[in-house]
Amino acid sequence: MRSLVLIGHGSHLNGESAAAVYRYAELIRGRGLFDEVVEGYWKEEPSLRQVLKTTASTDVTVIPMFISEGYFTETVIPRELGLGHQGPVPPEGIARVLGGRTVRYTLPYGVHPSMRDVIVERAREALPDLDAADTALVVLGHGTTRNENSNRVIYENAQALRGSGLFAEVHALFLDEDPKVGTWPEKITAPRVVVVPFFASEGWHTLETIPEDMGLTGDVTEFPDTPHGPQTVYYAKPVGTHPAVADVILHLAEEARGASERGGDEDRAWHAAWQALVSLARRGGRLGEVLISAQSGVYEVRHALDEGRPGSDLTTVVTPEGLRDLTRRDEGGNHRPVHTLRNLPRGWRAVLSEDDLVRGVHFLYPAVVEETYAHHCRTLRATPWPTTARRQTGIYSRVQRATPEQVEHVASEVCANCLRTRLWAGETLAQTFFSGVPGAIPCAEACTLLVAEVREEVSGKRGAGGH
Ligand code: SF4
């Protein structure tokens, strides 16, 4: 049995940030090569601190869904997963045994050599008859930033593609460092130029800054008068959104797996937690803000405040993904990075099989079943605030300066609206939803939303009462 975990950045504000990781997880699930594919995030749930607990198997491969190496792949993710590693990740990845699971952590997908095939695919989409006789390729990167070390992969890809014989010229150009993208007319002599942005997703840079810096007016732009005569530029989509990235991820996972053919076993703690949840569901009961009932071999999940409403009044979904998508925003359309905040929208019901119930509840309340069952069994360990604060690096290291009063002040506002009970702050929780108290859910460690708010408080940027 094997689990694959895809790690994304996520966002406290933007609900679309996680969409690319969801899409790749669904594509890879469809291939059936892993028993499960789970997503985890820095700024959403399940968080990096929680995600390993949510995997069903003891054989876990973790792939950072980043386009290049840098601060997140080398510092934040290894630290938060508890890998005991900081700094560059070796080509063979890092393997550790954590809490009974064998965890293999790989390089980010963007640095895998097969991304070169994705660059060529994107170039061919933009210019189907590309010809080595008259076509130049530009591999376009952002350039090294505080968080990413992206230029190396751009140069390596350009170098390798130069040797492919597919293009008359291959250039590595950048948005934010030399050689800059705006210098292309001086450097490129071929009459046709195909530009492939080596970016994770479509966004401000690919839609606005790159076209502006290059003088592009659309997917194809004619330049009748450049230092090298008339040239035409063909602008491709970013590599990170190409469906072939799913193959790159699978290559990475296969390489990380090495000789381990058998995989692992079902994780006993995970299994016991979900067995307990299924037993609760069979009896019918409440978990957080939802009501679960069993009806002729399937389960219905709905907001507890919609109890008794006819099904025809509610939007019905029949897949875990449908439940996920309906509950990712509150009724005002705002993103819900912390799923235990009491802002679950009403007006829907999910009708699910038993297998789908497990995945549906995982999406609805990530890590809640595993952590609450561990608390129920007295095996959940809380991480006090000073430990969380000491671990922070980069812009978040500032939270180490927060006084206990500041932390309490922020928590009194942020956590007031959360179902979880702050074990990390010394609060106690005698019962859980497993013992019949629906909203009784432990919080073992301050979430990244709270850490971010404490940082704002320490920086003096947090408005009175606002968050
Ligand atoms: Fe909820 Fe506060 Fe815990 Fe975050 S830190 S999960 S807001 S109780």
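Visitor: Starting with Trp274: buried or exposed?
Guide: Trp274 counts as buried, because its relative accessibility is 4%. Buried means under 20% relative accessible area, exposed means over 50%, and partly exposed is in between, using a 1.4 Å probe and protein chains only.

Visitor: What kind of model is this, and how are residues numbered?
Guide: This is a predicted model, in which local features need pLDDT of at least 70 and side-chain atom pairs count only at pLDDT 80 or more, while totals for chains, interfaces and linings use all residues. Residues are numbered from 1 along each chain as its sequence is written, and side-chain values use heavy atoms, with hydrogens and water left out.

Visitor: How many aromatic pairs does the structure hold?
Guide: There are ten aromatic pairs. One of them joins Trp270 and Trp274, with 6.3 Å centre to centre and 45° between the planes, and it is tilted. Rings of Phe, Tyr and Trp (its six-membered ring) pair if their centres lie within 6.5 Å; planes under 30 degrees apart count as stacked, over 60 as edge-to-face and the rest as tilted.

Visitor: Where do Trp270 and Trp274 lie?
Guide: Both are in helix α8 (residues 268–283), four residues apart, which is about one turn of the helix. Helices (H or I, at least four residues) and strands (E, at least two) are DSSP runs, numbered from the N terminus. Trp270 counts as buried, because its relative accessibility is 13%.

Visitor: What about Trp385 and Trp424, how far apart are the ring centres?
Guide: The centres are 6.2 Å apart and the planes are at 45°, so this pair is tilted. Trp385 is in helix α12 (residues 385–391) and Trp424 is in the loop between β16 (420–422) and β17 (441–443), so the pair ties together parts that are 39 residues apart in sequence. Trp385 and Trp424 are both buried.

Visitor: Which residues have the most contacts inside the largest nonpolar core?
Guide: Leu6, Leu137, Ile249, Trp385 and Leu450 have the most contacts inside this core of 90 residues. Helix α7 (residues 245–257) gives the largest share, seven residues. Apart from this core lies another one of 31 residues, including Ile292, Leu357, Val368 and Ile441. A nonpolar core is a set of buried Ala, Val, Leu, Ile, Met, Phe, Trp, Tyr and Cys residues joined through side-chain atoms within 4.5 Å.

Visitor: And what does Leu450 touch?
Guide: Not counting residues up to four places away in sequence, Leu450 touches Trp385, Val410, Ala411, Val414, Cys415 and Trp424. Contact means heavy atoms within 4.5 Å.

Visitor: Changing topic: what surrounds the ligand?
Guide: Val414, Cys415, Cys418, Arg420, Arg422, Trp424, Cys443, Ala446 and Cys447 surround the ligand. A residue is near a molecule or strand if one of its heavy atoms lies within 4 Å of it. By class, this shell has seven nonpolar, no polar and two charged residues. Ala, Val, Leu, Ile, Met, Phe, Trp, Tyr, Cys and Pro count as nonpolar, Asp, Glu, Lys and Arg as charged, and the others, Gly among them, as polar.

Visitor: How many residues of helix α2 are buried?
Guide: Ten of the eleven residues of α2 (residues 71–81) are buried. Against which elements do they pack? β1 (3–8), β3 (59–64), β4 (94–98), β5 (101–105) and α12. After α2 comes Gly82, with a positive phi near 80°.

Visitor: Where is Leu48?
Guide: Leu48 is in the loop between β2 (36–41) and β3, and counts as buried because its relative accessibility is 3%. Among the residues that Leu48 touches are Val76, Ile77, Glu80 and Leu81. Leu48 and Val76 are 28 residues apart in sequence and 9.0 Å apart in space, C-alpha to C-alpha.

Visitor: Which peptide bonds are cis?
Guide: Among them are the bond from Glu45 to Pro46, with omega near 0°, and the bond from Asp178 to Pro179, with omega near -5°. Pro46 is in the loop between β2 and β3, and Pro179 is in the loop between β7 (169–174) and α5 (184–187).

Visitor: What is the phi of Ser296?
Guide: Ser296 has a positive phi of about 40°, although it is not a glycine. Most residues other than glycine have a negative phi, and most peptide bonds are trans. Ser296 is in the loop between β12 (290–295) and β13 (298–303), and is exposed, with a relative accessible area of 78%.
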